[in-house]
Amino acid sequence: MHNARDTGAARLEDPWYDALASGWGEVDDTEAEPGRARPPAAQAVYTEVHGSAAFQEVRRRYRRFVFPAAAAFLIWYLGYVVAATAAPRLMARPVVGTLNVAMVAGLAQFATTFLLTWAYARHARLRRDRVALELRWVTQEMMRGHGR
């Protein structure tokens with residue numbers, strides 16, 4: 001909601017005005033003394049982490065789950081659409097009362113969407129999150145100039 005006293009300009013005492021994007025309390029070492037080692041550039045850190053075995057393992061685990069799951073879901077969805085257009089008599093066949101095959105398959109689409117979301121979150125939690133968190137800490141240490 002707009003406050004009539006608000007001029008729209010950021011005040012210098014606003015804590016978000018000059019906050020660092022990476023966190024509170026970090027020093028600005030843009031004018032560091034010459035004898036002090038500077039942290040490596042982000043591109044060098046990215047290149048080193050990207051080539052690491054841990055990063056490649058996280059990517060491999062991600063791909064081994066996502067590509068087959070996405071392909072299976074896409075085939076299931078396209079099968080439903082093709083069946084609805086190519087076999088209307090099959091889709092109109094009653095299952096229970098007024099509930100027909102098309103309605104059951106359509107509701108199953110929602111169920112498989114939630115099931116796939118749950119399976120992805122579980123896979124990420126059990127197979128990738130721990131290694132990814134360790135990589136994040138290693139990367140942060142490298143950006144600060146402490147790691148390698």
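This is a short chat about a predicted model of one protein chain.

Biologist: What should I know before reading the numbers?
Modeller: The model is predicted, so local features need pLDDT of at least 70 and side-chain atom pairs count only at pLDDT 80 or more, while totals for chains, interfaces and linings use all residues. Residues are numbered from 1 along each chain as its sequence is written, and side-chain values use heavy atoms, with hydrogens and water left out.

Biologist: How many helices and strands does the chain have?
Modeller: There are four helices and two strands. Helices (H or I, at least four residues) and strands (E, at least two) are DSSP runs, numbered from the N terminus.

Biologist: In what order do the elements run?
Modeller: From the N terminus the order is α-α-α-β-β-α.

Biologist: How many aromatic pairs are there?
Modeller: The count is one aromatic pair. Its rings belong to Phe65 and Tyr120, with centres 6.0 Å apart and planes at 45°. Rings of Phe, Tyr and Trp (its six-membered ring) pair if their centres lie within 6.5 Å; planes under 30 degrees apart count as stacked, over 60 as edge-to-face and the rest as tilted.

Biologist: Which parts does the pair tie together?
Modeller: Phe65 lies in helix 2 (residues 53-86) and Tyr120 in helix 4 (residues 101-144), so the pair ties together parts that are 55 residues apart in sequence.

Biologist: Is Phe65 buried or exposed?
Modeller: Phe65 is buried, at 18% relative accessibility. Buried means under 20% relative accessible area, exposed over 50%, partly exposed in between (1.4 Å probe, protein chains only).

Biologist: And what about Tyr120?
Modeller: Tyr120 is partly exposed, with a relative accessible area of 34%.

Biologist: New topic: what does UniProt place at residues 65-87 and 99-121?
Modeller: The unreviewed UniProt entry gives the feature "transmembrane region" for both spans. UniProt positions are in the numbering used here, feature names are shortened, and annotations may be inferred rather than shown by experiment.

Biologist: How much of each span is helix in the model?
Modeller: Residues 65-87 are 96% helix and 0% strand, with end C-alpha atoms 32 Å apart. Residues 99-121 are 91% helix and 9% strand, and their end C-alpha atoms also lie 32 Å apart.

Biologist: What share of the chain is buried?
Modeller: Buried residues make up 12% of the 148 residues.
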